[in-house]
Amino acid sequence: MSDTVIEAPEFAKVTASYLTDGFTLRSWLLTTDHKRIAVLYLGTITIFFFVGGAAAALMRYNLIVPEGMIGSAETYNRLFTMHGVVMVWFFLIPAVPVTLGNFIVPLMIGARDLAFPKLNLISWYLFVFAGLVALYSLFVGGVDTGWTFYTPLTSAYSKGHVVATAVAIIIAGFSSIATGLNFIVTIHRLRAPGMTWYRMPVFLWSLYATSVILVMATPVLAMTLLLLAFERIFHIGVFDPALGGDPLLFQHLFWFYSHPAVYVMILPGFGVISEIIPAFSRKRIFGYKFIVWCSIAIGVISFLVWGHHMFVAGTSLYSALVFSILSYMVAVPSAIKVFNWIGTMHKGFIRFDAPMLYALGFIGLFTMGGLTGLFVAALAADVHLTQTYFVVAHFHYVMVGGMVSAFFAGLHFWWPKITGRMYPEMWGRAGAVIIFIGFNLTFFPQFILGYLGMPRRYHSYPPEFQVLNVLSSAGATILAAGYLLPLGYMTWSLFYGKRASANPWGATGLEWQTSSPPLTENFVTTPTVTEPPYNYPPPEVVQHHV
Amino acid sequence: MRFWLPQATTSAAEVDYLILALLLTSCAILALVFGLILLYMIKYRAGSDIDRGVLADKTWRLEAAWTVATLLIFFGLFVWGADLYVRLFQPPPDALKIYVVGKQWMWKIEHQGGQREINALHLPVGRPIQLVMTSEDVIHDFSVPAFRIKHDVLPGRYETLWFEVNEPGTYHLFCTQFCGTGHSDMFGEVVAMPDPEYQNWLEQNGASETLAQAGQTLFMRYGCSGCHGGNGAGGSQSGSTVRAPALAGLYGSPVTLIDGSIVTADDLYIRDCILLPERRRVASYPPLMPSFAGQISEEDLLKIIAYIKSLTPEKQS
Amino acid sequence: MTPRFRRLWLTLVLLLVLLAIEFGVSFLPLDPSARPLVLIPAALMVGVVVTMFMEVGRGPEIIRLFAVAALLWLSILLGMGSLDLMTRIEYQVQASYPR
Amino acid sequence: MSEASLTHEFQYSSARHQAETAISGMWLFLATEVLFFGALFLTWIYSRHWNQAGFDAGAQQTELAIGTINTVILVVSSFVYSAGVAFIEAGNSRRLIQCCAVAWALGVAFLILKFGIEWRDDFAKHLFPGPGFAVQGPLNGGARIFFVFYFLGTALHGLHMVGGLALVGWIILRARRGEFSPASYTPVIVVGLYWSFVDMVWIVLYPLIYLVGRGP
């Protein structure tokens with residue numbers, strides 16, 4: 001691999017922090033500064049998070065009674081489709097890469113900016129445009145196909161605004177590709193002197209693997225949705241058996257993208273956790289090389305397992321067997337990571353600041369999500385459990401329990417760096433605990449519902465499932481409160497929070513060596529890296545000083 | 001409210017054992033993970049002055065140990081799940097066939113004797129049942145949780161599902177593949193009853209004609225007999241000018257296609273011959289068969305296939 | 001003519017020869033299932049364009065990495081994607097039909 | 001090399017560093033494009049597998065002559081552009097402009113043949129798979145699917161061609177302003193990569209459309 005790194009340290013024209021470098025709207029909307037773009041993205045995805053969350057709240061409200069609190073099934077179907085589309089493409093996939101990644105990657109490798117800053121800004125505009133198209137399709141009536149868009153329902157039968165939504169997703173895909181491309185090239189080409197591959201923090205490796213997936217999988221989705229739109233507009237196509245096509249081809253193409261996309265959501269989370277656990281255990285990370293190569297392995301193997309979404313869809317027996325064993329293979333690196341995080345805590349000096357609480361919550365919830373993944377990877381068990389609430393609970397444990405916890409952990413961890421302010425610590429800890437409890441109350445009953453056979457995407461259900469549904473809805477109110485809490489205290493901290501020092505956590509990593517908030521040029525001089533990552537002093541030294 | 005699910009088929013218990021094994025494995029791993037986290041949270045909290053000792057430098061032994069351990073466990077689970085899955089989808093040859101047609105938003109069931117029901121399926125316990133399923137519009141999914149079985153029902157294809165019920169009772173039947181507005185209304189019940197009661201039910205709901213008899217009428221009406229002969233005897237024997245293959249004795253026999261491959265004429269093959277004659281053409285006959293795609297409903301198709309099947313004498317096994 | 005230009009001319013000739021071969025092969029009386037063989041000359045042409053016109057061998061190492069990645073992921077998509085298609089049993093070949 | 005005197009953006013350490021980064025960025029972009037068209041190729045595999053007779057019957061309706069001439073045009077165009085790159089490396093900016101102009105003209109010729117003549121004929125022959133589609137009878141279904149592939153594939157390739165023409169035109173304008181020298185011509189390479197890639201896509205589409213389904 002090319003290890004071209006920036007050769008000559010240069011003196012930057014020292015300006016003020018990036019936040020005070022221009023106050024006009026124009027200085028924000030036309031910025032090419034990766035840090036400002038990250039902030040723009042943070043605002044955008046927050047809006048989408050609460051749009052998707054509102055849809056989820058309405059869904060849980062509907063399911064309180066067996067016949068459905070919302071009178072019409074049509075409305076419910078549009079709600080869960082909107083929840084899926086908004087959460088997957090406009091929150092989960094972009095969340096960590098475009099906000100924390102955008103902000104931290106150049107800082108972490110000691111660069112001034114990403115390799116292609118203009119492309120970065122274009123990607124934000126594409127994202128906003130895609131979001132507006134998605135919201136448009138929502139307000140003119142929405143879609144009622146589920147976020148998976150299975151044909152021929154989508155191509156020939158649905159009455160929703162499928163084409164507009166598909167266009168929105170294609171545009172959001174271009175934005176993803178631009179971000180992924182930027183990260184890969186940046187990590188290859190713009191590392192500071194001395195920042196060799198094995199000196200890179202795990203967060204960078206994770207984002208590298210994430211970007212590989214974004215860049216290699218997203219174009220396939222673009223073509224798939226293009227074919228779908230073509231089929232829907234002209235009533236000719238390749239997915240509808242009535243027209244001679246094969247509906248399973250759509251599923252193959254869709255999951256070729258959408259399964260790796262699951263890892264786009266979770267891999268950056270792994271990266272965030274791998275920063276936080278060592279920082280708050282005051283100890284170097286356990287098995288660094290294993291963790292980074294597990295990230296890369298997940299990035300590649302995640303492309304070989306998509307068929308496990310189709311075990312009962314009518315694919316061939318042989319392909320089901322192959323995809324099942326490969327699905328188990330992709331679980332191995334994830335398991336290794338969990339053990340390594342625990343190994344990192346061993347003999348550490350563990351502090352329980354808010355980011356660490358979120359991170360510990362992540363490990364617990366992700367482990368549960370991962371383990372229930374074993375159930376649905378086992379072919380015969382999948383036959384019973386797939387398409388039920390078991391699957392819903394499983395992927396919410398990974399996506400929401402895992403990924404959203406990791407996002408919040410990272411947001412709290414780097415908040416002082418991004419804003420230059422500290423959030424109120426006690427509120428942060430309370431938020432982490434409330435979210436953990438609320439989450440389990442919401443989604444654990446759904447495992448049982450799924451085993452008992454309650455199908456997903458049902459507007460109404462047999463009365464015997466009511467008790468567990470009410471439990472789940474009750475938990476959802478706690479979870480909603482848990483998510484509103486950070487919105488409140490973090491906004492508060494923007495104005496009244498304590499000023500943050502350059503390195504409030506005493507963490508390693510180049511991003512902590514510059515001021516909080518950083519300068520427009522990131523560093524006064526290009527830093528030179530001389531030590532391995534997570535170079536916390538060994539316990540015997542720390543103990544000596546205590 | 002109940003927190004258990006009846007095991008109504010012979011394979012349900014087997015699936016439950018697998019799920020139980022998965023549950024126990026998960027609980028063990030979960031206990032390990034949560035236990036270690038809690039232990040370290042207390043033991044190595046920053047304020048604790050317990051002696052941490054010296055860090056081990058080499059970690060690869062531990063890494064290799066837990067990698068190999070997870071691999072072995074996962075491989076065992078895979079083999080277990082795969083073995084059962086293969087058996088779940090291999091119908092025994094003597095299964096009783098019942099036909100299922102899904103459409104937005106109902107299940108239509110056709111019995112061999114011509115009995116029809118909607119959103120309900122009556123069947124006998126104690127003998128293997130094979131469902132032959134297709135859809136008129138979008139993808140549906142036939143799922144009976146108490147049987148631990150489900151499969152997608154695709155338009156344009158016959159998918160099959162089999163099970164043997166050993167516990168009489170009434171069970172939920174769900175569509176579990178999202179199929180449009182009325183998806184959650186597309187459920188019904190499966191009534192499993194002892195064989196005598198089932199025979200009784202068949203008689204009470206007896207249709208005027210069996211599936212095959214209805215198929216014979218359709219065979220005439222759609223003009224099939226014009227080329228294939230009155231009783232499917234074949235074109236040349238009935239005095240017709242068209243040389244079309246004989247259909248008597250066709251079902252279950254090997255057929256040579258123009259590309260030289262040999263297939264067994266089963267339900268799906270006959271269906272494709274009627275709807276997509278160009279897809280897999282039989283050898284040594286001119287390509288004169290027109291496509292009936294879009295002209296015959298799925299239910300009529302099942303009847304015609306039942307008729308063609310009835311032209312083959314049952315083999316004694 | 002410098003070696004560089006001589007190489008470019010030779011590349012053009014090679015591409016046109018391969019195209020002619022591909023064109024010719026398509027007129028052979030091949031079985032329909034064997035006709036995708038005409039894609040072999042096309043694949044060779046792609047290889048020639050990548051090495052000679054796009055000069056994959058020049059420049060930093062990551063260019064090769066990206067080219068290999070594209071090839072790897074394309075083969076995953078086409079290979080694993082058609083695995084189901086190639087192994088799906090359309091009609092039972094062994095007669096074991098129910099009564 | 002007077003590299004140090006050349007300008008570069010502030011995140012790079014040198015102009016050469018920036019140039020190599022731009023080239024690698026384009027390669028990665030092309031890798032995503034490979035997967036984009038790859039999905040279309042998988043669609044081809046499925047469609048032909050299920051409807052081989054009809055699919056091939058559709059392919060036999062295409063204009064082999066125009067398709068073959070267009071392939072030759074694109075190969076030559078790619079060659080001429082590569083020659084232009086070789087010229088600017090040797091310092092000959094005037095030759096670069098000439099080469100780009102020829103490559104550009106060949107590209108336009110391709111588009112005229114493809115969309116001005118071939119597509120017009122296809123529509124006249126009712127080959128667009130809408131109402132009144134030309135191929136009737138049992139082969140109808142497969143032939144329609146072939147033409148879905150044909151129209152979508154050629155349209156997307158055509159869009160890429162239009163993008164490529166705009167980029168080549170941009171190179172011509174910059175070259176006329178004397179912006180390229182043997183020390184600084186990265187955009188010429190980057191655009192060349194894209195131009196060759198578009199050629200490459202056609203090299204694969206050509207047999208898929210015109211040759212595989214054509215009987216002896």
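Among contacts in chain A between residues at least 6 apart in sequence, what percentage join residues at least 24 apart? In this predicted model, the share of such contacts in chain A that join residues at least 24 apart is 85%. The secondary structure of chain A consists of 17 helices and zero strands. With a radius of gyration of 23 Å, close to the 24 Å that the globule rule gives for 546 residues, chain A is therefore as compact as a globular protein of that length. Taken along the principal axes, the C-alpha atoms of chain A fill a box of roughly 65 × 50 × 45 Å. Of the 546 residues in chain A, 68% are buried.

Six helices and zero strands make up the secondary structure of chain D, and its elements follow the order α-α-α-α-α-α from the N terminus on. The C-alpha trace of chain D spans about 70 × 30 × 30 Å along its principal axes. Buried residues account for 55% of the 216 residues of chain D. Among the contacts in chain D with a separation of 6 or more, 76% involve residues 24 or more positions apart.

Contacts between chains were examined next, beginning with chains D and A. Here, 31 residues of chain D are in contact with 35 residues of chain A. Two or more residues of the side of chain D that touches chain A come from each of α1 (15-50) and α5 (140-176) of chain D. The element giving the most to this side is α1(D), with 19 residues. By class, the side of chain D that touches chain A comprises 15 nonpolar, 14 polar and two charged residues.

Chain B also meets chain A, with 69 residues of chain B in contact with 72 residues of chain A. On the side of chain B that touches chain A, at least two residues are supplied by each of the helices α1 (12-43) and α2 (60-88) and the strands β6 (140-144), β7 (149-153) and β9 (169-175) of chain B. The greatest contribution to this side is that of α2(B), with 15 residues. The residues on the side of chain B that touches chain A fall into 40 nonpolar, 17 polar and twelve charged.

Within chain B, five strands form an open sheet with mixed pairing, in the order β3-β2-β1-β5-β8. Strands β3 (116-118) and β8 (159-163) of chain B are the edge strands, each pairing on one side only. From one strand to the next, the twist averages 25 degrees. Strands β1 (residues 96-103) and β2 (residues 106-110) of chain B run antiparallel and are joined by five bridges. The bridge partner of Y99(B) in β2(B) is E110(B).

A helix pair in chain B was also characterised. Helix α4 (residues 211-221) and helix α7 (residues 298-310) of chain B pack with their axes 7 Å apart, at an angle of about 100 degrees. Because angles of 65 to 115 degrees count as roughly perpendicular, α4(B) is roughly perpendicular to α7(B). Residues making the contact include L211(B), L218(B) and F219(B) of α4(B), together with L302(B), I304(B) and Y307(B) of α7(B). By class, nine nonpolar, three polar and two charged residues form the contact of α4(B) with α7(B).

Terms used. Residues numbered from 1 in each chain as written. Chains lettered and ligands numbered in written order. Predicted model: local features only at pLDDT ≥ 70, side-chain atom pairs only at ≥ 80, totals over all residues. Contact = placed C-beta atoms within 7 Å. Helix = DSSP H or I, 4+ residues; strand = E, 2+ residues; numbered from the N terminus. Nonpolar A, V, L, I, M, F, W, Y, C, P; charged D, E, K, R; others polar. Pairing = 2+ DSSP bridges. Axes fitted to C-alpha atoms, helices over the stretch in contact; angles between N-to-C directions. Rg over C-alpha atoms; globule rule 2.2 N^0.38 Å. Buried ≥ 20, exposed ≤ 12 C-beta atoms within 10 Å, placed from the backbone. Parallel < 35°, antiparallel > 145°, perpendicular 65-115°, else oblique.
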